[in-house]
Amino acid sequence: MRYINKEEIAKAIRSGKGINVEEILGEFKDMLKELYQSATEVELTDHLGYDKNSKSNNSNYRNGYNNKTLKSKYGEIDVSIPRDRDGSFEPKLIKKRQTLIEGTEDLILSLYTKGMSVRDIRHHLDDLYGYELSEQTISNITEAIIDKA
């Protein structure tokens, strides 16, 4: 069941059907997954210069997917990022080896500036969002952001 808009949520409430926040969050994460996967497919099409299932003289072609788990402030999102045969495709939306979605760093920095220790931030992320980052990763993020500031 998709609770994407206010009308559907209101209709479900009026009918007496229980609304589960986890279901709504799950639907939102599914939408994010579709968005990331579709966007990277378009990026690969632009990179290769031809649409999927089209004939081309290009020696480089689609070559399956890399599965990746992205960590976001909404929890973990499993996505499949397309790849090309010669490995020259560099996605812009979700870069190679990137596992944190934009905004997660802001959340970590916000917690850090409010006086939370790295260990507390790690436990907080695990409790609220269901994923664990190492203390070293959190330290690296805060150092990189503070250096930029």
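Which residues form a nonpolar patch on the surface? Let's take a look, one close-up at a time. This is a predicted model, where local features need pLDDT of at least 70, side-chain atom pairs count only at pLDDT 80 or more, and totals for chains, interfaces and linings use all residues. Residues are numbered from 1 along each chain as its sequence is written, and side-chain values use heavy atoms, with hydrogens and water left out.

**View 1. A nonpolar patch on the surface is made by Phe28, Met31 and Tyr74.** Together they have about 240 Å² of accessible area (Shrake-Rupley method, 1.4 Å probe, with only the protein chains shown counting as cover for residues). Patch residues have over 30% relative accessible area and no salt bridge; nonpolar side chains (Val, Leu, Ile, Met, Phe, Trp, Tyr) are joined within 5 Å, like charges within 9 Å. Met31 sits in helix H2, residues 21–48 (helices are DSSP runs of H or I, at least four residues, numbered from the N terminus). Met31 is partly exposed at 34% (buried is under 20% relative accessible area, exposed over 50%, partly exposed in between).

**View 2. Glu90 and Lys96 meet in a salt bridge.** The N to O distance is 3.5 Å (a salt bridge puts a side-chain nitrogen of Lys or Arg within 4 Å of a carboxyl oxygen of Asp or Glu). Glu90 is partly exposed at 48%, and Lys96 is partly exposed at 33%.

**View 3. Arg119, Arg122 and Glu135 are linked in a network of salt bridges.** Arg122 and Glu135 meet at 2.7 Å, N to O; Arg122 lies in helix H4 and Glu135 in helix H5. Arg122 is buried at 18%, whereas Glu135 is partly exposed at 26%.

Methods
Helices (H or I, at least four residues) and strands (E, at least two) are DSSP runs, numbered from the N terminus. Buried means under 20% relative accessible area, exposed over 50%, partly exposed in between (1.4 Å probe, protein chains only).
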